[in-house]
Every structure is written in structure tokens, then in C-alpha cells.
Amino acid sequence: MVAFGKKLKERQIQEWQGFYINYKLMKKRVKQYANQIEVGTQDRQHVLKDFSRMLDNQIEKIVLFILEQQGQLASRLTKLRERHDALEEQPEISQITELREAYRAVGQDLLKLLYFVEMNAIGLRKILKKFDKRFRYRFTDYYVKTRANHPYSQLQQVFKHVGLGAVVGAISRNLHELQDRQGSYLSIYDPPALPLQDPVVDAIKAAVDRLTFSTNFLNFLAQHALIMQEELPAPADERIDEEKYHFMSLLLNLANTFLYMVNTYIIVPTADDYSMSLGAAATVCGIVIGAMAVAQVFSSVYFSAWSNRSYFRPLIFSSIVLFVGNAMYALAYDMNSLTVLLLGRLFCGFGSARAVNRRYISDCVPLKIRMQASAGFVSASALGMACGPALAGMLQTNFKIYKFTFNQNTLPGWVMAVAWLVYLMWCWISFKEPSRDIEEPNASGSETTANGALEEGKQPLLITSEEKQVDDEDPEGDGSEEAPEESRQPATSFMSAYRLLTPSVKVQLLIYFMLKYAMEILLSESSVITTYYFSWSTSTVAIFLACLGLTVLPVNIVVGSYISNMFEDRQILLASEIMVCIGILLSFHMIIPYTVPQYVCSGLIMFVSAEVLEGVNLSLLSRVMSSRLSRGTYNGGLLSTEAGTIARVIADATITLAGFLGQSQLLNVTLLPSLLICVASIVATCFTYNSLY
């Protein structure tokens, strides 16, 4: 891992060298400003004006060169258009082929220009972030708002690549017309248009996508997977990804994700009944449900390490362990053993291969579909969360075969054992182990980290400093061109990873802990609470939990397509935390009788708000996480997974401990820690973001 300044120098197009942003000079100037203000020889207002003028000059240099190159491309396209018109009167195959190659040559030059714009946009964002970090001032907000929205804005040429879209359209349309369509007169504008299978156009579209920050549903959903990649991927990366990619293997990873989430939540509606049938209290369901999360704390680490060497073997091991765990869970009823029940759930937790699923998407899925694969990962998780309780609600039967009992308590275990056995055989037959770079097994630049979420390079080119990580190429803020090589290595332990966390990252991990804790309290104790207050049946509880799970995708559609386009992520973050807090407050049983509408409405507010909060929090987390946590075993994805898993463990333990006070006190006693943690996260959020400036 090298500094951005060095990357910029290495990847510059040599003949355009003098037209790139002078990143090294601007870094030195920021350091000089800091020293001058410190000794009192310069005032802040003068520094802001001088730095603004310097940025304006740099942007003007870049933009005028872009316009010059854009004009040359337009001139070439005009001449090609004349040749194209002439061919329509006297078509000739050889000349059509030659013209098509000429358009592709223009497309290749356009790709070079788009990459030039991309590197300069990244440089601008980084230098703005560095200035904000040094001076604790919202200079980025001021500069972008005043420049980007001005009628004579030059920043728009870099920020929105104004004008280049016309060139992209001309190349795409003409290549489409030159394609052999057997007499069809359809164009790219006519629905349904015939697909254009041209690698140049595909490459141009991918480059434009990297330049364009569009917050849509698919992008927002993909951020939940918390997968990052290098900011400037090497040109060879796409070819390597294509070699590794195997659709059936990706499908198997998504199926593993789905089945594991079904396995997690299928026992929630019946865990209290199962505990009582074995002679324990109903609130022991907290330990039964939480045992899986306890084991997952450890399995996440060894599966993350194992995925450095293989994907196939961890998935096979996971399937076997989950088959054994579910069989033990089902057999505990006939053995009349709570110990076997808990061991079965522990085995299920030891089979959690979600770290492998994330890692496979990060390492082995091509950039052009990585966002879709990440969104598929999140969708599979959400669907599994909804299907688990729904499936439990359908398993309302009671019969016996030989000595084995099949009822609502044991059938979830038997069904999942069969499902994992089928998955094991499918995986054994169909999974293809991708090739690996043996020299650097632990340092893949595209490994999993904390949504997310920069899938397919779609990250904002100019964003506020609080939404991005501390400067990777200058971690100490001393203005040096690049950090020592050892500071670029991935973390080797949890402690070294923890030391890389900035205050904003710690706050967002606290938020993640809080929302997972609140959601686990709501879900895990739902059966006990509803049975005590409303005498709900298992089927009713299952329907309620399934309905909660089904809100995940619609909520993300609304947030990703609309709300995130109208408000900043930090505003949505704080508003969601407040709504979670309101949901918790409304859930308390005070003086008046506890009613179904109160429980359902408060639970819905809490769950939906937590879902919104999770998406926005992971989106921000992916931006502020150090790039050193994007690689190795102890990566950002593992840290966030551990934070969420530990929250679930503590929440389930809280339910069981609160059970000693009696079921009448269970609701309020378990909600109180949720409220305190939620309030603490709100205070921490306000304090952290206000103290940045």
C-alpha cells in the first residue's frame, strides 16, 4: 500500500503530466499554513482565501485541459459522422468495420480522459479532507457549495463531468448503429433497444459509474454488506476478477447467507416453549437463542483467517457443523437435555461462514457486478430473517417416527439439518475454488472491511471530511509525502486493529452495537412478552416476526431512493437514533394496561428505525474506516461483525438474567439498558461530529 501522492505519480499519463493536480505541492502548502498559524504569522481568514485561490487555479488548469481534450474528441467524432453518413448511401463491409474501429479508438481515448478526471477528483477530495482535518474547519462544505452551484462553476466539470456525457452518448449511439442488426432501425433511445455488446462501451460506462455518485436503492443496499476496495484499482484488477469469477460459487455463498439467517431466527418463536418442555424457565430462551451468537464471536475470527487460504473448505466445514448442530438441537427433546440443546446452538454458531461469504464477494466478484452481489448478500440476509419465523409458524404439527419426536420445537432443527445436508452436497459438486495470489495471501487489496461499501468504485468524489477516514497517506498529519511501509500493513491482532480506529469510527461502532442490542431484545423476547401479555400463539408470534423482517427491503428502497437524496447521511443517522429511542420509550409498560397496538407500533418504530440506522451507519463507516483495515484477518468487517455479535450475546444474556425477577418485570428491565445505550450513542454522535470543527 503506497500513498496517494505516489499512486498519482505512478499512474499519470506521461504526456499529460503537467495537467494533473499538484497534490504534493498542496500538501506542503497545508503544512506551511498550519505552522504559520501556530507561530502567529498568519491569520485563519487569509489562509482560507489563499488556499481557495490555489485550489481555483489547480481546478482551472485541469478543466481547461479537459475541455481541450473534449474538443479534440468532438472534432474526431464530427469527421467520423461525415464518413458514417457517406456509408449509409453506399454501404461497404470493410469500411463499416474500419469506421467501427475508429469509433472504438475514440472510445479508448475517452477512457483515458475519464481516468484523468477520476484521479484529479480523488486528489481534490483528499486535499480538501486534509485541510479540514488540519484546521478543524468545514472548509469543504464552504468550498463545494460556493463553487459547485455557481453559474460559472469550473468545479462542476470535475465534480459532475459536465459535457463528457455527450461524447459518451455519441460513441455509444454510433457503435450501436454500426452493429449488424439485420435491417433493424432501432436506436439506443428506442424501448426496447437491442443490447450493444461492445467492450469499449462497457468500459466507458464502468468509468462513468465510478465518477458518478448516485445514491440509489441498489447502491444503498449494497453498503450494508460493508465491502471496500482500493480507491484507485489497478487496470489489471478487472481481468483478474474475471478469471476468478464463477457464478455458481457466488450463488452458493448467497445461499449460505440465506440459510444461516433462516437458521438463526427459525427458533425464535418456539425457544421459550422448548426451554419449558425441558424443565427450564421460559426466559432461558435468551441463552438458547444467544448461544449461537456466543459461538459466532469466535467463528468469525477463524473463518476470516481461513478465507485467506480457501473458500471451499470453510463452506464445507460450515455445512457439516451446522448439520450436526441442528440435529443435536432436534434430538435434545427426546434426550430431555437442556445441555444438548445449548450445545446444538453453539455448534450452529461455530458454523457461521458470513466472513467467508463477504470475503468471496470482495475478492472474487468482478467490479462491474460487485455492487449487485453485495446487494444480493444483504437481500439474502433480509429474506432469511423473514423466512425463519415464517417457516417456524408453518411447522405446527406433532407426530413420532420410531423414537424421534417431530413437533413445533424439534422440526426447526430437523428441517435445517436436512437443508444443510442438501447444501453440503450442492457445494461439494458445484463450488469452484478460485485461483489465489500465493505470494500475498493476507494482503489482498480488495478484502472485506467495514457495507461497504465502495462497490464498483461508486463513492462520492467530493465529500465532507467527517464522512471519510483519516488521511491514509499521511496518518500522522505531518505533511510527509508517504508513511513508512510498515504503517501500510494490515492489523495483526484485535488490539492493533483497535488502535487504528478514530473517534468517529468508535462512535459508529457504538451505534452499531446499540442497534443490534435493541433489535435482539425486541426479537428474542417477543415470544415470552406476547405470551405473557396477549396470550399469542406460536403462529401469531411467527407472523409478527416475519412481518418485521419483510420491512427490511421496502425500507431500504425508500431510504436509498428518496430520503438519502434529500438529507445528509449524518442527519439521517441522528434522526434514526432519535426514532429508535422513541420506539424504546413507547415500548415500556408503565401505569396503563399494555395493549397489542402499543407493542406492535413501538416494535415497528424501533425495528424500522434501526434498519434505516444500520444502512446509513455502515455507509458512513465504510468512508471513515482506515484502509489498513481493508485487508488481513482483523479487518473492519470483522470488527463490525464482532461488535454486532457481542451486542446480541449481551442482549440475550440480559433476557435470561432479567427472568429471575419474574416475567412481569422482564419487559421494562430489558428495555432499560437499551434506552441507556441509545441515549449514550446519541450524545456521542452529537459530541463527536461537533468536536470535529
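Analyst: Quick definition first: a helix axis is a line fitted to C-alpha atoms over the stretch in contact, and angles run from 0 to 180 degrees between N-to-C directions. Also, keep in mind that this is a predicted model.

User: Okay, are α2 and α3 roughly parallel or antiparallel to each other?

Analyst: Helix α2 covers residues 23-39 and helix α3 covers residues 44-89, and their axes come within 11 Å. The crossing angle is roughly 175°, and anything over 145 degrees counts as roughly antiparallel. So the relation of α2 to α3 is roughly antiparallel.

User: How many nonpolar residues are there in the contact of α2 with α3?

Analyst: On the α2 side you have L25, M26, R29, V30, Y33 and I37, and they meet R44, V47, D50, F51, M54, L55 and Q58 in α3. Sorted by class, this contact has 3 charged residues, 1 polar, and a nonpolar count of 9.

User: How many charged residues does the contact of α2 with α4 have?

Analyst: Here Y23, M26, K27, V30, K31, Y33, A34 and I37 of α2 meet G123, K126, I127, K130, F131, R134 and F135 of α4. By class, that gives 9 nonpolar residues, 1 polar, and a charged count of 5.

User: Moving on to T670, which residue's backbone oxygen does the T670 side chain reach?

Analyst: T670 sits in helix α27, residues 663-691, and counts as buried because its relative accessible area is 0%, with the cut-off at under 20%. Beyond its neighbours within four places in sequence, T670 touches Y517, I521, E525, T654, I655 and A658. At 2.8 Å, its side chain reaches the backbone oxygen of L666.

User: Which residue's side chain is joined to that of N357 by a polar contact?

Analyst: N357 belongs to helix α16, residues 354-364, and is buried with a relative accessible area of 1%. A polar contact of 3.1 Å joins the side chain of N357 to that of T257.

User: How far apart in space are N357 and S307, C-alpha to C-alpha?

Analyst: Along the sequence, N357 and S307 are 50 residues apart. Going C-alpha to C-alpha, their distance in space is 9.3 Å.

User: Is N336 buried or exposed?

Analyst: N336 lies in the loop between α14 (312-335) and α15 (338-350). Most residues other than glycine have a negative phi, but N336 has a positive one of about 50°. Its relative accessibility is 53%, and the cut-off is over 50%, so N336 counts as exposed.

User: What is the phi of S535 near?

Analyst: S535 is in the loop between α21 (526-534) and α22 (538-550), and it is exposed, with a relative accessible area of 61%. S535 isn't a glycine, yet its phi is positive, near 55°.

User: Last one: what does the count of disulfides come to?

Analyst: C348 is buried at 1% relative accessible area, and C427 is buried at 0%. A disulfide needs a pair of cysteine sulfur atoms within 2.5 Å. By that rule, the count of disulfides comes to 0.

How values were computed. Residues numbered from 1 in each chain as written. Predicted model: local features only at pLDDT ≥ 70, side-chain atom pairs only at ≥ 80, totals over all residues. Heavy atoms only, no water. Helix = DSSP H or I, 4+ residues; strand = E, 2+ residues; numbered from the N terminus. Parallel < 35°, antiparallel > 145°, perpendicular 65-115°, else oblique. Contact = heavy atoms within 4.5 Å. Nonpolar A, V, L, I, M, F, W, Y, C, P; charged D, E, K, R; others polar. Buried < 20%, exposed > 50% of the residue type's maximum accessible area, 1.4 Å probe, protein only. Polar contact = N/O pair within 3.5 Å; in protein donor to acceptor, adjacent residues only side chain to side chain.
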